[in-house]
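Please read them alongside the sequence and the structure shown here.

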Amino acid sequence: MEPSALLTFLFLPAAVAVINLFLPVRAAKALTLLTLLYLLYCAITLWPSASLGSSSVYLGVDRLAAFVLLFAQILSTVILLFSLKGVRRDIERFFFVLFPLTVAFCNGVLLSRHALLFLIFWGLSGVSLYLFALLGKDAEASAAAKKTFIIIGGSDVFLILGLVLLIGSRPVDLWWLDKLNLRPEAPLYWLAFVSLLIASLAKAGGFPLHTWVPDFSKSSPIESVALLPASLDKLLGIFLLARMMTSLFVVGLTVKMIVVSIGAFTIISAVMMALSQHNGRRMLGYHAVSQVGYMIMGVGSGNPLAFAGGLFHMINHTIYKSNLFLSLGSVEKQTGSSEFDDLGGLAKSMPLTFIMALVGALAISGIPPFNGFFSKWMIYQGLLETAKTLPVGYQLWMLICLILAIFGSALTLASFVKFLHAVFLGRNPGTHKVREAPINQWLATGILAILCAIFGLFAVALPLKKLIVPVMVDLGMPEAMQFIGFFHPLLLLGLFAVVFGLGILLYFLVRTVRYDDVYLGGQPADPRFRITGSDFYREVREMPVLNKIFAAADKKYCDVYEMGSKGTFAFSGWLQKLHPGLLPLYILYIFLGLLILGLVINIGG
Amino acid sequence: MSLQMVFYLLVFPGLLFTAVLGLSIGWLDRKLSARFQYRVGPPFLQNFYDFIKLLGKETIVVRDSVHSLFIAAPFVAFAMLVCISTLIGVALFYKQGFLGDLFVLMYLLMIYSIALILGGSATGNVYSSLGAGREIKMLLADELAFILICLVAIVKAGYEIGLAEIAAVQQARGAFIASPSGIIAFLIGLICIQAKMALPPFNIAEAETEIVEGPLMEYSGPPLAFWYLNHFMMFTIYPFLLILLFWGGFSANGLGILWFSLKYLLIVVVMIILKNTNPRVRIDSALRFFWRIAFPISFIALVLAVLGV
């Protein structure tokens, strides 16, 4: 691939962003859509020829990058389709400037071969996240923006540190991010590894650097939530992790196990938090964190099958999670709220949105035959395969991680049952007059829902054989497709359809239907006695031990940002006390300082 | 889809076999329960009569509910249970892998609960919503222990996840139930399936005397008939699964068939005894029982299995 062709992915969207500043909003929308469609076409044509053979020092694209690039274009195109109608009027202009700009930055990260360029685009994509967060309208928006910026920006420091350590000792023309294969004996190897791990976890939203994701999800425009934390940031973070595990470092077993454990802990802790949320956006935000755990487990384990599963889960997640965010966005735009207690009974008035959200919910909970199941299934098999060869202690360790992951998906199902119940089912007289979302919105969610089904039913034939196997071959793991179990989604669907058809046929042959009001033991249905579902899991919250953990989480003890800011203020408060404005005290400080200086020089000399 | 698969699906071990055996065993359930309460109990064909009678009754649909979801739910659950029974049955009786492995099965088993919850809460009935919340909490409660006992079987089979392979390992090396980890896992599994079938003491979601059948409250006529059929079909699916995972599976000779039938009847009778001698527990006690007692015990079983005991 010619490097000049790669420049299209950077400069075209950036140029469109600048042009959009001056165009009327309608024209800006059309131009952005056309640009993204063109980029999608370019990404598709780029895929077969992606190789590092003819790339330059600065830009280059291998299979992994081309793969992620393709999905970045697909997702941003679909999300733009959703945004064509419904973005808040007062932010519309800026939104359509920021959108192509974000795409340009994201493409920049993926196409950079040179570490410095990678770093710059990585930072810029963090900035666009901050700018999107500022567009939020509620009172917490600016606080969420600050938090996002500090965590993401802070993790950039670690990225710089990691990259400097990694390549500082090498000649300048070797600042490439592919094929470094740093061995553990290299100086400061561990520091570099941990620094890059922090950067990738913060971007993807892994524990303990995940806390910006729910806050960002709560208050930013929903389109940007679907675009960044749900899709592009996942792609970027896991892209970096995949690079680390394959071409930057040669990683030993214990490190792999630690990374897998981080993944397992991310899954279970975030999904537990998601269970107890009362706001749809925050709940989905926590799920955006919890799902990262599976990707970290898969990619971090180093097993080829689990690695392929992790990559597959990454794209699956971007598809169903943006679907869910966008469906909730439609609901929010039609009803004006994302609080569970305000919603309910919407399946009747928004049937299309309900179907799309149902597909997304089943996919994220890993219900076969949707895509989420297939990738989780691959990861589980890979982990089992690894466990088989390990000594007993490691075996148990791996099995515990596996239990957490499988149980995590039961918890995911539970919290999505609550979501579906609270938003779409049950009864709420207040939502009878709500209208279905506009066509562009359910078209966008519909495309994503169909992708969920296709990637599940034709998982082996389409995404795996056509996309992921070439990536794995390129990464030197050609044996990725040797499943230890088996699953035939199409046959399952066929058999299911036969029996379901027979049952429904029998029903239609014998049925006599009468319509009546809901039966509550003869009492009238009083809207005061309404079950929204937001309290479904009170018993879980109130369990001994768990109640302590939830209470600690409510006090933000697990939040690096909150704890960090508390620590900083405590330290600066202490410093403030040392400055009471007394002249004799300052003179004492000067003398003490001189004394210490003298001692240090004396010892040093 | 070949003719053989259609036979598997619709006749044996799928639809016809599971439904007939389930309804017959349902008679045993009702008869034994009646004897526990000093009643006479129904005739053998009572469950068949009930099913056919319900097919003839009218279906009452709540006017402002989501009709399609309400009607489709029992049939989705039914179709999924038939697929599951085929999956388990082919592995058990034909010793072949079919449709999917144990991980697939674990996830497919959740679909019944999803259908029950969505169908029930589509009506907007308060009791159904309460029941839906409890149903999913029960799933959370028993799933943790259930995952662990499935892993015990996987580890003991030398990390095989195909059902037929797990059975084959036992045919070659003796049933897992004969080992300490196997027997613990089997017993915990017995309690898990009691919860998964919502039998007392775990009939919390349906609690007739309290929330009037919960998710099933608004159901009537043919859809209700299918919910009952689903319930009785699970009387074959879950015991078969336990036998397959821990108790050596099935041998196709004279003595083997007799031995298999005895194992199956024993499991069912134990379930019925448990059902009739234990009052319903509260949802929080059920959660606590499964997370704080069943989970550690099954974890011990897993540790033992990893150690090869």
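Two residues are taken to be in contact if their C-beta atoms, placed from the backbone, lie within 7 Å. The structure under discussion is a predicted model.

1. On that basis, I161(B) touches L384(A), I484(A) and G485(A) in chain A, and D101(B), L102(B), F103(B) and I154(B) in chain B, leaving aside residues up to four places away in sequence. This residue sits in the loop between α7 (126-156) and α8 (163-173) of chain B.

2. I161(B) has 27 other C-beta atoms within 10 Å and is therefore buried, the cut-off being 20 or more. Along the chain, I161(B) and F103(B) are 58 residues apart, yet their C-alpha atoms are separated by 7.3 Å.

3. The contact between the chains draws on 61 residues from chain A and 68 residues from chain B. On the side of chain A that touches chain B, α16(A) gives the most, with 13 residues. By class, that side has 42 nonpolar, 11 polar and 8 charged residues.

4. Strand pairing also links the two chains: β1(A) and strand β1 (residues 59-62) of chain B run parallel and are joined by 4 bridges. Within this pairing, Y515(A) has V61(B) in β1(B) as its bridge partner.

5. Chain A contains 23 helices and 1 strand. Its radius of gyration is 26 Å, close to the 25 Å that the globule rule gives for 605 residues, so chain A is as compact as a globular protein of that length. Buried residues account for 54% of the 605 residues in chain A.

Definitions and conventions:
Residues are numbered from 1 along each chain as its sequence is written. Chains are lettered from A and ligands numbered from 1 in the order in which they are written. This is a predicted model: local features need pLDDT of at least 70, side-chain atom pairs count only at pLDDT 80 or more; totals for chains, interfaces and linings use all residues. The radius of gyration is taken over C-alpha atoms; the globule rule is 2.2 Å times the number of residues to the power 0.38. A residue is buried if 20 or more other C-beta atoms lie within 10 Å of its own, exposed if 12 or fewer, and partly exposed in between; C-beta atoms are placed from the backbone. Ala, Val, Leu, Ile, Met, Phe, Trp, Tyr, Cys and Pro count as nonpolar, Asp, Glu, Lys and Arg as charged, and the others, Gly among them, as polar. Two strands pair if DSSP finds at least two bridges between them.
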